[in-house]
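Have the model open while you read.

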Amino acid sequence: MLEDIKQRFAKAGIELTEKQLLQMDTLIGFLQEYCKKVNLTAIRDREGIIGKHLIDSVLPLTLTEVQSGAKCLDIGTGAGFPAVPMMIYRPDLRFTLLDAQQKRTVYLQQLLERLELKAEIIHGRAEELCRKDGYKGGYDMVTARAVGSLPLLLGYACPFLRKGGRFAALRGSAEEEQGEVQKALGKLRMEKVQETCYSLPKGDGRRLVVFERS
């Protein structure tokens, strides 16, 4: 059952170890089983999970540089995307997973136990957590995948970042209103340092937009 994961990732130019393949397979099985009782994602078929959740989460790590051992925060992590696949691919990354819905954080606790991965999981909101000691200005990288508008996410992400820290936004192919993004950047002392357009193996368009706090 691991061969389909291996082949799909290989088509995206990503090689996984045997352990990583097993962890990805465990993630798929647990997500499918859990979704029978709790609605976490509309994408529940194995092929869809591999392509639109797992590969979609990991590909950005091959497109931008993330320092070894980086302290990372995933805002609105949902069912753990992109954070959990990123942790499987890059076990050196130290993640905090943040979500406003408790049903998701309960799921994530159980998932990480099965994957033998460790991360801080927080049930809460970014606009409240960023004011707390230990979180404000404490992260090297913040991620967010397809949640909310880009100007809004910039406002959520910025307070968490240390000077020189980066916010990696995983977006669809449609571009947001650039005027609103520039207005938000001006207020936050952040600048866009990368925008990469790419496609998933099935052809779905994606954009990785990276911002740095000055």
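**Helix packing notes**

1. Helix α2 (residues 18-34) packs on α3 at about 125°, with the two axes 11 Å apart. Helices here are DSSP runs of H or I, at least four residues, numbered from the N terminus. Axes are lines fitted to C-alpha atoms over the stretch in contact, and angles run from 0 to 180 degrees between N-to-C directions.

2. Bear in mind that this is a predicted model: local features need pLDDT of at least 70 and side-chain atom pairs pLDDT 80 or more, while totals for chains, interfaces and linings use all residues. Numbering starts from 1 along each chain as its sequence is written, and side-chain values use heavy atoms, leaving out hydrogens and water.

3. Who touches whom? On the α2 side it's M24, D25, L27, I28, L31 and Q32, meeting R46, I49, I50, L54 and V58 of α3 (contact is heavy atoms within 4.5 Å).

4. Now for the other pair. Helix α1 (residues 3-11) packs against α3 (residues 46-63) at about 45°, axes 11 Å apart. That makes α1 oblique to α3. The crossing of α1 and α3 is right-handed.

5. From α1, D4, I5, R8 and F9 meet R46, E47, I50, G51, L54, I55 and V58 in α3.

Key
Helix = DSSP H or I, 4+ residues; strand = E, 2+ residues; numbered from the N terminus. Parallel < 35°, antiparallel > 145°, perpendicular 65-115°, else oblique. Left-handed = near helix turned anticlockwise from the far one by under 90°.
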